[in-house]
Amino acid sequence: MEDLLARYGFLIVTILQQALLGLSLYFPLMTGQLSLASIGFYSLGGYVAAVMGTHPALAPLREALGFSMYPLEWLVALLASSILGVVLGYPALRLRGIYLALATIAFVQILGVLALNMPITGGAIGIFDIPQPFESRLAYAWFFGPLLALTLFFLWRLERSGTGRLFFSIRENELAAGAMGVNVTARKVQAFVIGCALAGVVGAMSAPLLNTWNTRQGTFDAAVACLAYVLIGGARSKWGALLGAALLVSLPELLRPLKDSRMILDGLVLVLVCVYMPRGIAGLFDRRRA
Amino acid sequence: MPLAWFLQNLVNGLSIGSVYAVFALGYTLVFSVLGILNFAHAAVFTLGAYLTYVLAVGEFGLNGLLAGATMPFKLPFALALLAGAVLSGLAGMAVEYLAFRPLRKRGADALLALVSSLGVALILVNLIQYLFGAEIYSFPPDVLGSLPPAILFHVGEGMVAMRTIQAVLFGVSLLLLIGLVWFIQFTKQGKALRAVAENPDTASLLGISVDTFTLGTFFLSGLLGGMSGTLIGVSFGLSGPYFGVAYGLKALAVIVLGGLGSIPGTVLGGLVIGLAEAFLPPELSSYKEAVAYALLFAVLLARPQGLLGKSAEEKV
C-alpha cells in the first residue's frame, strides 16, 4: 500500500488538482457559458503564490507567519482572481454564444505575453525554489482534497439554492430567464467569477507542489484539457469534472506502453466520447436520461 | 514619419495580414454554414505546411517514424503548394466526417462539436509529431527557384526592401481571395452554398444537398488552411507540430475583429491585425503576440458584432 501510494502519489494529487480546475469551468457552464479562462487564473494564482513565497521583500512576513503564509497566499490569489474575473467577465458576458470562449482565449494569451515580459514574473525562465510545505507529493492531497470536498459541498448547496436555480434557468433558456426578470448578465458574471476565484486558489496551491512556476503553466493546450475534463465527465453534473479528470489524467499513464502514439489515442477518446457519450461519463449514471 | 519607414511597414503588414485573412477565411466559411468554430482548422494549417514540405523537398527529418526516408520524386514549389493544399482540403473533409457530421445528425450541443474538433486537432497534430518528429523544419532558401531573395526600392533617401517571399505571400493570398469571392458570388455552386448558409432546411427543400455542400465547405476551408500554412511555413519555418496553434488563435482574433461569419470582415480583420503588428513600435516588439488579442478585446467592448458584422438578431 505504501509503495502504491508513493508510486501513484503524484498521479492522485494531479487528479484532484485537475478536477478542481475542471470544476472552475463547471460554474460558468451552470449558466450555459463556455469559458476557457480558468488556466489564466490558475497561472495568475500560481504567480501570486510564487512571488509571495520567494520575493526577498516579504521575507520578514514569511518568518512571522510560518505555515499560515500559505493560506494568506490563497486568499490573495482568490481576491486577485475575483477582481480580474469581474473586469474580464462584464464586457465578455454581455455577449452571447461563442464570444466568451474567444474572449477568454484572448485573455489567457495576453496574460502569457505579460508574464513573459514582466520582471516580477521572471520572464521566460519563471520563478524557482518556491518554498514547499510538504516533502512528499502525496501530502499535497491535504491542500487539494479538502478544497475539492468543500467545492463539491458548496455546489451541492448551490444547486438547491435560489441562486443555483437562476443559473440553471439561464442555461436552459436565456431569453425566457431574462423575460422572467432574471438579471442574466449579473448572474453569468457571478458564476464566472466563482470559477475564476477557484482556479486562482488552485494555482496558488499548485505553485509549491511544482516548486517552479513559469508561462508553460498557462498554455492553450492546458485550457483545452480543463474543458475536456468537464465535457468528458459530463457537463451537467458536478461529478463530471472529477470523473473526467480521473480518466484523462490516468489515461496517459495507462497508455504508457504505447509511447509516442498515446496522444493520438487521447484525441481519439475525446472524439469518441463526444460522439457516443454526449452526456459524458456522469450521463451514464443519470436515470433521468432524455 | 519618413516615407520609407511607412512603406516598409506597409509591405510587411500587408503581406502577413493577407495570409492571416486567407487562414481565417477557413474558419469563416465553416462558421457561416454551421455556426460552429472548427478548432481543427489550425491542425489542418500545420498539416498543409508539412505536406508541402515533403512534396517540395522530398526528405523527412531525423526523429520521427519516417526518419531518414526520402520521397521518390520532388515537385516544383508551385505544384507542391497546390498539392499540399488539396490534400489539406481532403483532411478538412475528414474532420467534417469524424468530428462534425455524427454530432450534427444527432442534433447535439454545439459545445460538443467544439470539443470533438479539438479532439481531431489533437489526433492530427500528434500524428504529425509521430511521423515527422518534433524538430524544426525549414524550407531551403532556393525553394522559390532562381528568384532574388529581395527587391530593393529607393524611396526618397531611404530604402524599402520587399522580400520575394512577401510578394509571393501577398500575390497568392490575393489570387485565393479573388477566386473565393468569384466562386461564392458568381457560380451556381456558390449560390447554393450561400443558400445552405442562409437556411439549411429551406436549401434542402429547394433540392440542394446540404451534406454535400457542407463537405465542400470543409474542403474549401481545409484548402485555404493548408495553403496559408505553407505560406507561413516558407516565410518563418515550421517550428514543430504545434506551430499552427498560435496562428490558429490569432486567426480567431481576426474573425471576431471582422465580424463572425462575414467574408469581407475577415479580410479586413486580417489586414488590420497584420498592419497593427507591423506598425508596433520596435521598443514594444516583445508584446507583438498580444496585439491581436488586445484588438479583439477592444472590439468586444466597443462593437461586439465586429467591424463589418451585422448585429445578431434575436430569434424567439
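**A hairpin in chain B, and the two chains around it**

Modeller: In this predicted model, strands β1(B) and β2(B) form a hairpin with two residues between them. Gly156(B), in the turn, has a positive phi of about 60 degrees.

Biologist: In which sense do β1(B) and β2(B) pair, and over how many bridges?

Modeller: The pairing is antiparallel and runs over six bridges. Strand β1 covers residues 150–155 of chain B, and strand β2 covers residues 158–163.

Biologist: Which residue is the bridge partner of Ile151(B)?

Modeller: Ile151(B) is bridged to Met162(B), which lies in β2(B).

Biologist: How many residues of strand β1 of chain B are buried?

Modeller: The count is zero among its six residues, and the strand is hardly covered.

Biologist: What is the secondary structure of chain B as a whole?

Modeller: Chain B has eleven helices and two strands. From the N terminus on, the order is α-α-α-α-β-β-α-α-α-α-α-α-α. The radius of gyration is 20 Å, close to the 20 Å that the globule rule gives for 316 residues, so chain B is as compact as a globular protein of that length.

Biologist: What box do its C-alpha atoms fill, and what share of chain B is buried?

Modeller: Taken along the principal axes, the C-alpha atoms of chain B fill a box of roughly 60 × 50 × 35 Å. Buried residues make up 48% of its 316 residues. Of the contacts in chain B between residues at least 6 apart in sequence, 75% join residues at least 24 apart.

Biologist: Turning to chain A, how many helices and strands are there?

Modeller: Chain A has 13 helices and zero strands. Its radius of gyration is 19 Å, close to the 19 Å from the globule rule for 290 residues, so chain A is as compact as a globular protein of that length. The C-alpha trace spans about 55 × 45 × 35 Å along the principal axes, and buried residues make up 49% of the 290 residues.

Biologist: What share of the contacts in chain A with a separation of 6 or more is between residues 24 or more positions apart?

Modeller: Such pairs account for 81% of those contacts.

Biologist: Where is Arg171(A) placed?

Modeller: Arg171(A) is in helix α7 of chain A, residues 162–172.

Biologist: Why does Arg171(A) count as partly exposed?

Modeller: Because Arg171(A) has 19 C-beta neighbours inside 10 Å, and a residue is buried at 20 or more.

Biologist: Which residues does Arg171(A) touch, leaving aside those up to four places away in sequence?

Modeller: Arg171(A) touches Met30(A), Thr31(A) and Gly32(A). Ser38(A) is 133 residues from Arg171(A) in sequence, and their C-alpha atoms are 19 Å apart.

How values were computed. Residues numbered from 1 in each chain as written. Chains lettered and ligands numbered in written order. Predicted model: local features only at pLDDT ≥ 70, side-chain atom pairs only at ≥ 80, totals over all residues. Helix = DSSP H or I, 4+ residues; strand = E, 2+ residues; numbered from the N terminus. Buried ≥ 20, exposed ≤ 12 C-beta atoms within 10 Å, placed from the backbone. Contact = placed C-beta atoms within 7 Å. Pairing = 2+ DSSP bridges. Rg over C-alpha atoms; globule rule 2.2 N^0.38 Å.
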